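Have a go at each task before you read its solution.

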Amino acid sequence: MLIQENISLKKYNTFGIDAYAAYFSTFRTLDELNELLEYKKLPTSKLQLPTLILGGGSNILFTQNFNGIVLKNELKGIEKVKEDNEFVYVKAGAGVNWHQFVVFCIDNNWAGVENLSLIPGNVGASPMQNIGAYGVEIKDVFYELEAFHLAEKKIVRFGLNECAFGYRESVFKRKHRGEFVIINVTYKLRKDPIYNTSYGAIEQELEKMGVKALSIKAISDAVINIRSSKLPNPAEIGNAGSFFKNPEILSDQFTILNAQYPNIVGYKLDNGNVKLAAGWLIEQCGWKGFRKGDAGCHAKQALVLVNYGNATGKEIYSLSGEIIASVKEKFGVELEREVNII
Ligand code: FAD
Ligand code: EPU
């Protein structure tokens, strides 16, 4: 186990930002994590440095160097822990790549995560912001997780209710931010699938693919096709997916906006409010395809900010601020950043 000093994080974040970490290490077991937390190998003057747990780095924007220790989680392993008539319970190490986990489930005919195909990052971050796509969120398949309390050095179990999942929210993102390392997650997957094809363009895509008999593999392939057609591949253009959340507004405000902008895209929520498509708002403000230096707004999906090569985190952040201000001015709607800003 090696602690490296003054390491570029460029290859560890999908935005490709060239920020530096004062210290960097990886852990593959809990023992290794414990050892690192004691900072045994660091000079005593650095004992109080902050810690950042990193997964795939696909939901993070470094706006400055990190003057602390970055610990990259590489806890692996997938195992079926139990089953009943309806479900299998599958535990995955936090460092397992998310899409590889999805593929593993599909190969075993365990249903529930197929709509979440091709989301970058690792299992450990999936509950952080309750990842979601195409009508499914982690909360729909979540059973429990184990997390290591950094200060108290003990393992704590979180069931569904303790996680307080919301739209791109959980206790780990706010209330307990930075307190825990999620070490494994157990998902509850169906033996007999309940197909979810109602969201977005899934049905059209299945038709285009000529699918006759529906399967979780077919849904996964359809989702992969749709995602690949509009989201930039981080291996080619740096990005962290949607930079902002889709904002929720009161239905009265929506009625007023709808009268002024008949094409505005909004979805009615169960609580009576309306969720607006932030991509539409941003596009209407003229940002889609915008580029200043190497920082830009993606030409096929305005909700995604991109780094064409050498943008700094500050440049991306500053662009996001300009976008927030212009959407606020034109529509009176406040966008909130979804990406974790460091
Ligand atoms: P990281 O970026 O490494 O970390 C994110 C946050 O979680 C950080 O605050 C980090 O400290 C913390 N963290 C990470 N691992 C742990 C751990 N084990 N314990 C405690 N804290 C931890 N997201 C969606 O929800 N839906 C999408 O459809 C989607 N599409 C995307 C498409 C693209 C092209 C990209 C680049 C991103 C997309 N995302 C999407 C965002 C991203 O993939 C998810 O948020 C993903 O879960 C992040 O995982 P990660 O391992 O890369 O997390
Ligand atoms: N739209 C535009 N212009 C754009 C982009 C979108 O007008 O440039 C409008 C279109 O009307 C489109 C609608 O917005 O139909 C919705 O767009 P899309 O289906 O691409 O989804 P999204 O709302 O922009 C959300 C999630 C994505 C997730 C997709 C699919 C958030 C913040 N983003 O995007 O998650 O993959 O739905 O479910 O909720 C992420 O979190 O990083 C992410 C990519």
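**Exercise 1. Find how R168 and other residues make polar contacts with ligand 1.**

Step 1. Start with R168: one of its polar side-chain atoms lies 3.4 Å from an oxygen atom of ligand 1. A polar contact here is a pair of N or O atoms within 3.5 Å; within protein, one must be able to donate a hydrogen and the other to accept it, and residues adjacent in sequence count only if both atoms are side-chain atoms.

Step 2. Next take R227, where a side-chain N or O atom is 2.7 Å from a nitrogen atom of ligand 1. N122 uses a backbone N or O atom instead, 2.9 Å from an oxygen atom of ligand 1.

Step 3. Now look at the cover: ligand 1 taken alone exposes 980 Å², and the protein buries 94% of that. Accessible areas come from the Shrake-Rupley method with a 1.4 Å probe; for residues, only the protein chains shown count as cover.

A note before you go on: this is a predicted model, in which local features need pLDDT of at least 70 and side-chain atom pairs count only at pLDDT 80 or more, while totals for chains, interfaces and linings use all residues. Residues are numbered from 1 along each chain as its sequence is written, chains are lettered from A and ligands numbered from 1 in the order in which they are written, and side-chain values use heavy atoms, with hydrogens and water left out.

**Exercise 2. Describe the shell around ligand 1.**

Step 1. There are 35 residues around ligand 1, and I53, S58, Q129, G132 and R227 come nearest. To be near, a residue needs a heavy atom within 4 Å of the molecule.

Step 2. Sort the shell by class: 17 residues are nonpolar, 15 polar and 3 charged. Ala, Val, Leu, Ile, Met, Phe, Trp, Tyr, Cys and Pro count as nonpolar, Asp, Glu, Lys and Arg as charged, and the others, Gly among them, as polar.

**Exercise 3. Is N122 buried or exposed?**

Step 1. Helices (H or I, at least four residues) and strands (E, at least two) are DSSP runs, numbered from the N terminus.

Step 2. N122 counts as buried because its relative accessibility is 10%. Buried means under 20% relative accessible area, exposed over 50%, and partly exposed in between (1.4 Å probe, protein chains only).

Step 3. Leaving aside neighbours within four places in sequence, the residues in contact with N122 include G55, G56, N73 and W98. Contact means heavy atoms within 4.5 Å.

**Exercise 4. Which residues surround ligand 2, and which element gives the most to its shell?**

Step 1. Of the 23 residues that surround ligand 2, the closest are Y134, Y167, E283, Q301 and E338.

Step 2. α7 gives the most to this shell, with 3 residues. By class, the shell around ligand 2 has 11 nonpolar, 5 polar and 7 charged residues.

Step 3. Check the polar contacts: a polar side-chain atom of N246 lies 2.9 Å from an oxygen atom of ligand 2, and a backbone N or O atom of S242 lies 2.8 Å from an oxygen atom of ligand 2. Taken alone, ligand 2 exposes 830 Å², of which the protein buries 81%.
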